[in-house]
Amino acid sequence: MKSVEIKKDIYWVGAIDWDVRDFHGYSTYKGTTYNAYLILDDKITLIDTVKKEFKSELIHRIREIIPLEKIDYIVVNHVEMDHSGSLPEIIELVKPEKIFCSDMGKKALLAHFHREDWPYQVVKSNDTISLGKRSIKFIETRMLHWPDSMFSYVPEEALLFSNDAFGEHLASTERFDDELSIGELIRHAAKYYANIILLYSRLVKKQLENLEKLNLKIDMIAPDHGVVWRSHVKEILEAYHNWCNNKTEEKALVVYDTMWHSTEMMAKAICDGIEKEGVNVKVFNLEVNHHSDIMTEVLDARAIVLGSPTLNNGLLPTMAGFLNYMKGLKPGTKIGAAFGSYGWSGEAVKIMTQYMKDMKFNILEPGIRFQYVPTHAQLKECVEFGKRIGKAIKEGI
Amino acid sequence: MKKYKCSICGYVYDPANGDENANISPGTSFEDLPDDWVCPICGATKDQFEVTED
């Protein structure tokens, strides 16, 4: 278990979780890392810790460099348990002089660990502390993605510790962005954004503007999950810029579930129609696709076409679950359309349409629904419906 | 009319802007917001807001 020097005398000392496959509803097929960093200076500083179960990895990696007791300061950029879970044990061993956190960070730490006696030092945006040769400037990033979140910036190194922002769930022994495929990394970062950050896009936009205003030189970003960005800093910042501005592609998603293949037939006919317009289209059956993977695709899609049969006067549970998840993440405006087969009452199309209206989607036209099994002529109507969606996509939202 | 700041996420309710997504028209004072109005950023309830000069 080796630590990795990311800059002279600054080390990654986190943990690799190869096994995690579900992060409260986010499918982590490739595991993740919990990143913590150690700065050797006059005041030796530990930035964040790791999930409780991984504290031995953290301790082992720090001990490879220095005895734990030598640490003076601990910075808590984010209180969520995957970064603070081992804090009580680490504080016990380190007995730090100070623990730096935001005002909301202190409140959250008290509400998690109930320790009034820890040496908290509350910092605000633009507060700076000296470590000796280096300093840390704090930037509060409330709701990115918790109220306590903050960045720690080391100007002398042009290094930004960004907590969960710019991270991705990906377990690897490689620690840097240039040691893996950039395409794969951006895809994982997109999944992270779509499932964790998306609902705070307004704040991301503000924070990116703030970073620009502060005119910080950033040549390395060290997040709390995944790799350290050093060769593709520009790309990840650009990606965040696109995502928080709801930049969409000429792309449609057909997301559906089916009971007796009728809604499935409609989904495929609609897909056909969209494809005929030369627009990129992807079909996701909710039975076999994880909602967090579909959200990744929602991020840059221009149109979302939803299909569900009517069950018990409502939606199939998979569609209800997906819609509840997507609505909570507040995606930007999209073109929306709904379809489905039904037996006698047929409420599903109306319910899906209402969900999309609530998300401020532009509803192209009333959805289409057919009783029981669609006829050949009705499937042709589905193709035409798809074509109109394709045309609308090409015209923009 | 006074502005109010969310004590959780820092969002500022400015009566001059209202809250379009919640169908609150510009010119609506914080006091006149419905009781079930919540912070558009983090979902905090009205009682978590404080008057601000920001």
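Helices (H or I, at least four residues) and strands (E, at least two) are DSSP runs, numbered from the N terminus. What you are looking at is a predicted model, in which local features need pLDDT of at least 70, side-chain atom pairs count only at pLDDT 80 or more, and totals for chains, interfaces and linings use all residues. Residues are numbered from 1 along each chain as its sequence is written, chains are lettered from A and ligands numbered from 1 in the order in which they are written, and side-chain values use heavy atoms, with hydrogens and water left out.

**View 1. Chain A as a whole.** Start with the big picture: chain A has 12 helices and 22 strands. Of its 397 residues, 59% are buried (under 20% relative accessible area; exposed is over 50%, partly exposed in between, with a 1.4 Å probe and protein chains only). Take the contacts (heavy atoms within 4.5 Å) between residues at least 6 apart in sequence: 73% of them link residues at least 24 apart.

**View 2. Helix α5 of chain A against α7.** Here α5(A), residues 182-197, packs on α7(A), residues 233-244, at about 40°, with the axes 11 Å apart. The axes are lines fitted to C-alpha atoms, for helices over the stretch in contact, and angles run from 0 to 180 degrees between N-to-C directions. The pair is therefore oblique; under 35 degrees would be roughly parallel, over 145 roughly antiparallel, 65 to 115 roughly perpendicular, and the rest is oblique. From α5(A), I186(A), A189(A), A190(A), Y193(A) and I197(A) take part, and they meet residues of α7(A) including I236(A), Y240(A) and W243(A). The tally for this contact is 10 nonpolar, no polar and 1 charged (Ala, Val, Leu, Ile, Met, Phe, Trp, Tyr, Cys and Pro are nonpolar, Asp, Glu, Lys and Arg charged, and the others, Gly among them, polar).

**View 3. Helix α5 of chain A against α9.** Now look at α5(A) with α9(A), residues 291-298: the angle is about 100° and the axes are 8 Å apart. That makes α5(A) roughly perpendicular to α9(A). On the α5(A) side you'll find R187(A), A190(A), K191(A), A194(A) and N195(A), and on the α9(A) side S292(A), D293(A), M295(A) and T296(A). This contact splits into 3 nonpolar, 3 polar and 3 charged residues.

**View 4. A serine in a loop of chain A.** S86(A) sits in the loop between α2 (81-84) and α3 (87-94) of chain A. With a relative accessible area of 0%, S86(A) is buried. Leaving aside neighbours within four places in sequence, S86(A) is in contact with T49(A), V50(A), K51(A), K52(A), K55(A) and L58(A).

View 5. Strands β1 (residues 4-7) and β2 (residues 10-12) of chain A run antiparallel, joined by 3 bridges; strands pair if DSSP finds at least two bridges between them. K7(A) has I10(A) as its bridge partner. There are 2 residues between the strands of this hairpin, and D9(A) in the turn has a positive phi of about 65°.

**View 6. The sheet in chain B.** Over in chain B, 3 strands make an open sheet in the order β2-β1-β3, with antiparallel pairing. Strands β2 (12-13) and β3 (49-52) stand at the edges, each with a single partner strand, so one side of each has no neighbour in the sheet. C6(B) stands opposite F49(B) in β3(B). V51(B) also lies in strand β3 of chain B, and V51(B) is partly exposed at 42% relative accessible area. Not counting residues up to four places away in sequence, V51(B) touches K2(B), K3(B) and Y4(B).
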